[in-house]
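Student: Can you walk me through this model? I'd like to start with the packing.

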Amino acid sequence: MARDAVADVRERIDIVDLVQPYVQLRKTGRSYKGLCPFHQERTPSFIVFPESQNFHCFGCGKGGDIFSFYMGVENVDFREALTELARRAGVELDTVPTVAPEVDAHRQKLLDLNELAAGYFANILTNSPIGTAGRSVVEQRGVSAEMVRSFGLGFAPDAWDGLLRFFTERGVDPALAQEAGLLQTRDSGGYYDRFRNRLMFPIRNRDGRTVGFGARALGDAQPKYLNSPQSSIFDKSSLVYGLDLAKDGIRQADKVVIVEGYMDVIAAHQYGYTNVVACMGTAVTEAQIALVKRLSRHIVLALDSDSAGQLATLRSLEMLPRALDSEQIPVAVPIGERGYVPRAVIQWEKRLNAEISIVRLPEGKDPDDLIRRAPERWPEVVSTAQPFLDFLIEGVAGSIDTGDARQKAEAVRRVAAVLHDVGDRVIQAHYAGVLAKRLDLPESTVFNEVRRGTTRPSRPEQSASPSARPSLDASMIQRRASQEDHVIALLLKHRDICGNVMDQVPADLIMDSRNRVLLEVIRDRSIPLTMDPESILAGIDDLVADHGDRLLDSLRATPSQYAIQIERDILRAVDRMREARHREQLLALQAELRDAEASGDKDESARVAAQLAALAVEHKQFAPPTSPYFRDTRSDVTP
Ligand SMILES: [Zn+2]
């Protein structure tokens, strides 16, 4: 590619203009400030830097360039962000398909086979004498003919070669059908049907293409539910059952209800509640939340009432973001032996800007039962959803003996750790109150624990020095960009020997979204470490790959180095990037502090001073050591 479309877009779109529609920005000094769109807060800690065209949030740590912002706020990938921003900027992108045509053609074949099989199963359920057993289950469960049609339900007959013969007659390559997860191979050679004597639920992607099946056993056969195997077209963790039919319903209700079972979804839709979808199995994954969140950020989990169901789902939240901002990913803190990971949920809500609430269904009831028994009461059931923190406190407090002081102390510590991650003082105070009441403790005791969790020890003498005012200029921004490129170039080229160091590069220090994508690929352990950089680049989006090529080119002239030198080189550059960001933030906050002081706004001054102090503590390595001979005037910054 001759020109750099990404750079063109970046040049033409001003980050302040881009952010304005999402965040009400106020100019403070050389930067702009507003309420962070990536986490909930009452006082602004989200800052946009027009000079370097990037943003940073002091609350949740998110930061980056125009692409990172757009990707985060619209929840799209790099390619989608680039396409939209290029459109706005009037930059033409070369429309090269991101998937190689032969890969795409193969995928199409697998999808076609699944659809052919869906037709076969559906025909048996509705028309064939060998579908009687399936029909009686459908009738017994009260599924209407209309739902059978729109969900494409089918029946796999009790035979080893039903689908096999159907395919053979149509000249389908059985090896391909096996790859699609429809046939299995015999040890003795040959093939047989994977699904036998089961009610078939086609699983479709968002666009309505059948990518696989969920199959429910008739009678006592095990497993009760059998899914298509994981394949290039079927990835359970990023599919949501019923989404193709629920899109409009979710948008209209501005709420999505996630249930566990296919039958639950069908029952809901049959009675007009079309904003209901199912996670695949008992796990809700971040990818699934991200999918539905595009339609509404109000997410209700209606889990089966047996605690196993609830806990399994909460536990699944553990399978969390290997994604973008690795620095923000908390260590999941298990609550009791049951393994809640509440901090993960809080991070989800922040990262995805979603509101997650949880419905406790009555004991022994699933949504299917509830809806069929009293369809008109379903909205009432959904309205009992508790915000996640209430649910958590209820769960923690409910699981201990409130007469036991040690258990109480432990419960307080656990909830305090979660409230720590929430960040917002008002929310913290509210829930500290709720927990105190629940455990019959003085509110101040709980709140102190929460604060102990949140405030890092901050010594005033470590505050930033106004006399050592850092300066920020274009060349510094430039240097930082080139350091970032250098780090990524080295990691990409020497990925095989950078196993130790690659995880020490914080993703949120990376400003260029292409570098972020590259860093993710570099860290992807499913790609063999021995794979050469050119092959790695061949497998990713062209625009990112072009950038990667340029990075590799930049290293051509450098002489070969020992692994240890390369590591040192990378870590040194990372330090410099940290320092550059630190200076940028310091400068912005100092300008802000001057503004606030000039306007006489005491609260605002105190707030900014506290942020400055926190920054100094966070990066004390950049603050010069205190002198043993002179009084340290740096503490004068804090009031
Ligand atoms: Zn934030």
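Tutor: This is a predicted model, so local features need pLDDT of at least 70, side-chain atom pairs count only at pLDDT 80 or more, and totals for chains, interfaces and linings use all residues. Residues are numbered from 1 along each chain as its sequence is written.

Student: Which residues have the most contacts inside the largest nonpolar core?

Tutor: They are F121, M200, I258, V277, L301, A302 and V415, in a core of 93 residues. A nonpolar core is a set of buried Ala, Val, Leu, Ile, Met, Phe, Trp, Tyr and Cys residues joined through C-beta atoms within 7 Å. Buried means 20 or more other C-beta atoms within 10 Å of the residue's own, exposed means 12 or fewer, and partly exposed is in between, with C-beta atoms placed from the backbone.

Student: Which helix gives the largest share of this core?

Tutor: Helix α5, residues 101-127, with 9 residues. Helices are DSSP runs of H or I, at least four residues, and strands are runs of E, at least two, numbered from the N terminus.

Student: What about α11, buried or exposed?

Tutor: Helix α11 (residues 262-270) has 8 of its 9 residues buried, so the rest of the structure largely encloses it. Among the buried ones are Y262, V265 and H269. After α11 comes G272, with a positive phi near 90 degrees.

Student: Which loop holds N75?

Tutor: N75 sits between α3 (66-74) and α4 (78-89). Its phi is positive, near 55 degrees, and N75 is not a glycine. N75 is partly exposed, because 19 other C-beta atoms lie within 10 Å.
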